[in-house]
Amino acid sequence: MFAITFHHMIVGIASGTGILMGICALLAWLGNFVSNLDDFQQSFDKTSLLSSILCFICMPLAIFSGTYATSDPGGIAILYNKFVFSGLAIGFTASFIAGRVRFGEKIWNDFKLSTLQMICASGAMFWIIITGSIGGKISIGESVMDIMPFWPDFTSTIVLPWWISMVMLVFGIASIFVALKLGPTVNKISD
Amino acid sequence: MMKSRILVLTIIIGFLLTSTSSMANPGGEVDSNRDFTCGGSCHGDPSLSAPSDAVIEIRTVNTTYAGTMTEVEVSISGMDLSKNRLLGVFLLGSINGNSDTPSDYDWSIIQDPNGGSSNYVLIFVPESGEITINWVLLAPSEVGPQSIYVSIHHGSDSNPDNRAFIGTTEGYSIQIDSIPDDYPTIADNWVALEERVAGDDSPLQFSTVNTDVLSVEWRLAGEIESHTAEVVGADNEWQAQIPASLGDTRIEYRITASQGEYNNQMPWLSMDTVPPYFDGNLFGARLQSISSALIIIGFVLTMHMILAPRQKKDELDQTLEVETSEEVSEPIPIEEIPDIEPEVENDDTEEYNSRLIHSEDNPGWLWDPVESEWVADPNNPPGGDS
């Protein structure tokens with residue numbers, strides 16, 4: 001009972017901060033083109049960073065509470081999709097935080113890196129919206145995705161064999177290790 | 001003291017107001033075997049219920065043989081429903097209030113209107129406000145008169161007193177006659193298939209008694225014309241080949257068992273098409289989720305390496321120094337030479353060195369034709385003794 005209540009509460013925080021991260025990152029990136037937004041770029045940057053950190057903390061809690069709130073969390077295609085999409089959202093959010101921490105607040109001054117940041121934040125926001133919409137469909141039968149002219153078929157999914165997931169896991173860890181330890185040193189961007 | 005009394009009184013009043021505005025099960029109950037009073041629900045409580053204005057009509061045979069299939073058709077219309085348009089329908093053996101399901105009177109439910117085998121079904125009523133539903137029963141084995149009742153439960157859109165509406169028919173009498181010797185029919189242990197996986201074309205199994213020949217017709221729900229299925233088997237065990245169905249389709253089929261002069265055509269049965277069973281599990285979902293996240297993080301960190309601003313080339317570029325030295329025409333003291341050796345070593349490949357060109361006009365400097373810049377000659381630094 002409490003798992004469901006906690007899940008609803010934590011999902012609200014995770015999705016809210018995730019959307020805030022996406023919007024602020026998008027506006028910070030647009031500051032490179034729109035002069036009026038340029039003055040607020042620092043504020044957008046800080047807001048997106050803080051909201052992304054809170055979102056990154058809340059998403060695993062939302063996944064765990066959601067697991068306990070349902071009877072068969074991995075045995076139904078639509079709930080299986082929620083797991084996979086949550087993983088994608090966490091991946092994009094973590095990447096956004098990593099970029100911001102590694103390159104500093106001046107990252108928005110570099111067009112290529114700021115574009116990558118914007119893509120990460122938008123990706124996280126997109127998958128959070130999709131995951132939240134599936135939850136809304138399950139619990140109350142409607143969601144924000146209803147305004148779209150089509151609704152993707154989330155009642156079916158692609159179940160990867162466990163060994164492919166393991167290969168992806170090892171490849172992911174290896175690429176992170178190579179990028180952080182064996183690659184060239186990445187410095188914060190200065191003026 | 002006075003404040004605490006007011007607080008307690010407020011809480012009690014709050015509870016009372018909440019209880020009067022609540023409703024029992026406005027979303028209906030799922031299909032199941034239920035007694036008339038539905039476990040003492042509001043619909044069965046005279047103080048909370050009201051009679052339904054629905055017209056309920058039962059159509060079935062007046063006589064049937066013991067242990068044979070019998071179809072009961074029920075038409076319901078004219079009721080005022082709540083916004084969700086849900087209607088609960090009971091098929092009963094009596095209206096005693098308990099132990100009154102058909103199975104309590106030795107009837108067996110082969111199929112209910114939703115494809116299952118329950119005496120209570122939850123039905124969504126279309127805007128027309130009229131429904132016709134069917135139960136297929138196996139008649140009791142004992143000879144004698146039997147009665148069938150139908151009861152309905154529903155809410156109402158205009159319902160200021162939050163009444164639970166109930167409607168019940170009079171008993172419909174059916175005479176159960178003894179079955180003739182050698183009368184062909186379905187075996188009483190046979191269970192109708194409720195659903196079939198999409199794409200599954202495995203044959204349907206039938207168990208019969210006293211049957212020499214079995215024929216099976218099938219059709220898609222809504223079709224009028226039926227098709228004959230290929231049937232193989234003997235000794236009252238049969239297999240009928242009905243084509244695989246796909247998507248949201250429902251297949252209806254009818255069995256006819258024959259022996260000698262008897263020809264027993266049974267009611268239409270139906271089965272749903274369901275999607276293939278999902279073979280995912282929690283471990284797989286977690287693993288796939290984590291691996292997807294790590295792949296994205298790894299990819300983005302790699303992109304950071306590629307897109308990070310490169311300061312090394314700027315530090316290598318000594319063109320300004322060469323030009324300055326040309327203008328001043330003064331040798332640069334060796335102490336002031338920028339310490340560039342460590343950076344050069346990073347790119348100190350043979351390919352890089354081979355492309356550097358010596359210049360007689362600028363001793364101590366090498367020309368990089370690719371980057372179009374002067375770099376210090378590590379073997380002969382500018383301003384050196386050589």
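Which residues do ring pairs link into a cluster? They are A:W29, A:F33 and A:F111.

## Basis

This is a predicted model: local features need pLDDT of at least 70, side-chain atom pairs count only at pLDDT 80 or more, and totals for chains, interfaces and linings use all residues. Residues are numbered from 1 along each chain as its sequence is written, chains are lettered from A and ligands numbered from 1 in the order in which they are written, and side-chain values use heavy atoms, leaving out hydrogens and water.

## Aromatic pairs

Rings of Phe, Tyr and Trp (its six-membered ring) pair if their centres lie within 6.5 Å; planes under 30 degrees apart count as stacked, over 60 as edge-to-face and the rest as tilted. By this rule there are eleven aromatic pairs over all chains.

B:Y65 and B:Y183 form one edge-to-face pair, with ring centres 4.9 Å apart and planes at 65 degrees. B:Y65 lies in strand 3 (residues 63-65) of chain B. B:Y183 lies in the loop between strand 11 (172-177) and strand 12 (185-186) of chain B, 118 residues apart from B:Y65. Strands are DSSP runs (E, at least two residues), numbered from the N terminus.

## Burial

Buried means under 20% relative accessible area, exposed over 50%, partly exposed in between (1.4 Å probe, protein chains only). B:Y65 is partly exposed at 31%. B:Y183 is buried at 11%.

B:F206 and B:Y253 are also edge-to-face: centres 6.0 Å apart, planes at 65 degrees. B:F206 is in strand 14 (residues 204-209) of chain B and B:Y253 in strand 19 (residues 250-259) of chain B, so the pair ties together parts 47 residues apart in sequence. B:F206 is buried at 1%. B:Y253 is buried at 1%.

Technical notes
Helix = DSSP H or I, 4+ residues; strand = E, 2+ residues; numbered from the N terminus.
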